[in-house]
Amino acid sequence: MRTALLLFSLLTAAYSNASQPFEQCVELPYPAMPRQLWERELVWMKNIGAGCVALPDSPDLLSVVGIARKLELPVWILSEQPAATLRESLEPLTEAHGGPVRWIGVHATPEPLSRISAVDVHALALSRAAFEKQAGTILWTDVESTSVPAPHRGAISFAGEEQPTLTALRRELQLLRQWQPMLGQFTLEQPVRGAVAKLPDGISA
């Protein structure tokens, strides 16, 4: 119970200031994955409650953004290019124009940015530590297995098998998905204390 109350207080603090939002994004390293898995994995991310998907900038970017648009899944473009340069080609796909692109550039999301590997056995503890910052963005990496430039096993295999460490990602996404709509309605109040009264003889508390 104590742990649950502590977590609730951390989440309440994180969302108490609307100007300092907290975001969670899941990276899809599609250039290093088989093309036939792109849509399957985006559907999976949406189903587990991903708030957005982070996409590297590559020649196939528009194809993946198109899939995300169909799924109504917000997109963060991970690009070192100047945002203005990339924005010119992506402007019709930004949220302002009804598209899925929410952020452009590696520093475009709320700061500070915490990168957490989904295969790290300490992922849950690291994500809770990120929540304590009360604002910022968690970027979940190593979620997907990749084959380029060399095979790398992520938290989910090409066959869709999930490693136990993926539980942390699932829990954190669902946690904010369920609580976020209500957190803005909560306010901090002074603790309630009962009136002092003498108990009947023979009764103690």
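**A walk through the chain**

Glu-72 is exposed, with a relative accessible area of 65%. That value, like every other here, comes from a predicted model. The exposed label applies because 65% lies over the 50% cut-off. Glu-72 sits in the loop between H3 and strand E3 (75-78). Its phi is near 55 degrees, a positive value in a residue other than glycine. Most residues other than glycine have a negative phi.

Asp-142 has a positive phi too, near 60 degrees, and is likewise not a glycine. Look for Asp-142 in the loop between E6 and H6. Is Asp-142 buried, exposed or partly exposed? With a relative accessible area of 28%, Asp-142 is partly exposed. The reason is that 28% falls between the cut-offs of 20% and 50%.

Now step back to the whole chain. It holds six helices and six strands. The chain has 205 residues, and 44% of them count as buried. Next, take the contacts in the chain with a separation of 6 or more. Residues 24 or more positions apart account for 68% of these contacts.

Arg-115 and Ile-138 are 23 residues apart along the chain. Yet their C-alpha atoms are separated by 5.9 Å. Arg-115 belongs to strand E5 (residues 113-117). At 53% relative accessibility, Arg-115 counts as exposed.

Which cysteines form a disulfide? They are Cys-25 and Cys-52, with their sulfur atoms 2.0 Å apart. This link ties together distant parts of the chain, 27 residues apart. Cys-25 lies in strand E1 (residues 22-27), and Cys-52 lies in strand E2 (residues 52-56). A search of the whole structure finds one disulfide. The link of Cys-25 and Cys-52 is right-handed, with 115 degrees about the S-S bond. Are these two cysteines buried or exposed? Cys-25 is buried, with a relative accessible area of 0%. Cys-52 counts as buried as well, at 1% relative accessibility. Both get the label because 0% and 1% are under the 20% cut-off.

Helix H2 covers residues 38-47, and helix H3 covers residues 61-71. Their axes come within 10 Å and cross at roughly 40 degrees. The crossing of H2 and H3 is right-handed.

Which residues of H2 meet H3? They are Trp-38, Glu-39, Leu-42, Val-43 and Lys-46. On the H3 side, the partners are Ser-63, Val-64, Ile-67, Ala-68, Lys-70 and Leu-71. The residues of this contact divide into seven nonpolar, one polar and three charged.

Finally, turn to the backbone at two prolines. Most peptide bonds are trans. The bond from Glu-111 to Pro-112 is cis, with omega near 0 degrees. Pro-112 has its place in the loop between strand E4 (101-104) and E5. Another cis peptide bond joins Val-148 and Pro-149, where omega is about 0 degrees. Pro-149 is found in the loop between strand E6 (136-141) and helix H6 (166-183). Asp-142 also has its place in the loop between E6 and H6.

Conventions. Residues are numbered from 1 along each chain as its sequence is written. This is a predicted model: local features need pLDDT of at least 70, side-chain atom pairs count only at pLDDT 80 or more; totals for chains, interfaces and linings use all residues. Side-chain values use heavy atoms; hydrogens and water are left out. Axes are lines fitted to C-alpha atoms, for helices over the stretch in contact, and angles run from 0 to 180 degrees between N-to-C directions. Helices (H or I, at least four residues) and strands (E, at least two) are DSSP runs, numbered from the N terminus. A crossing is left-handed if the near helix is turned anticlockwise from the far one by less than a right angle, and right-handed if clockwise. Contact means heavy atoms within 4.5 Å. Ala, Val, Leu, Ile, Met, Phe, Trp, Tyr, Cys and Pro count as nonpolar, Asp, Glu, Lys and Arg as charged, and the others, Gly among them, as polar. A disulfide is a pair of cysteine sulfur atoms within 2.5 Å. Buried means under 20% relative accessible area, exposed over 50%, partly exposed in between (1.4 Å probe, protein chains only).
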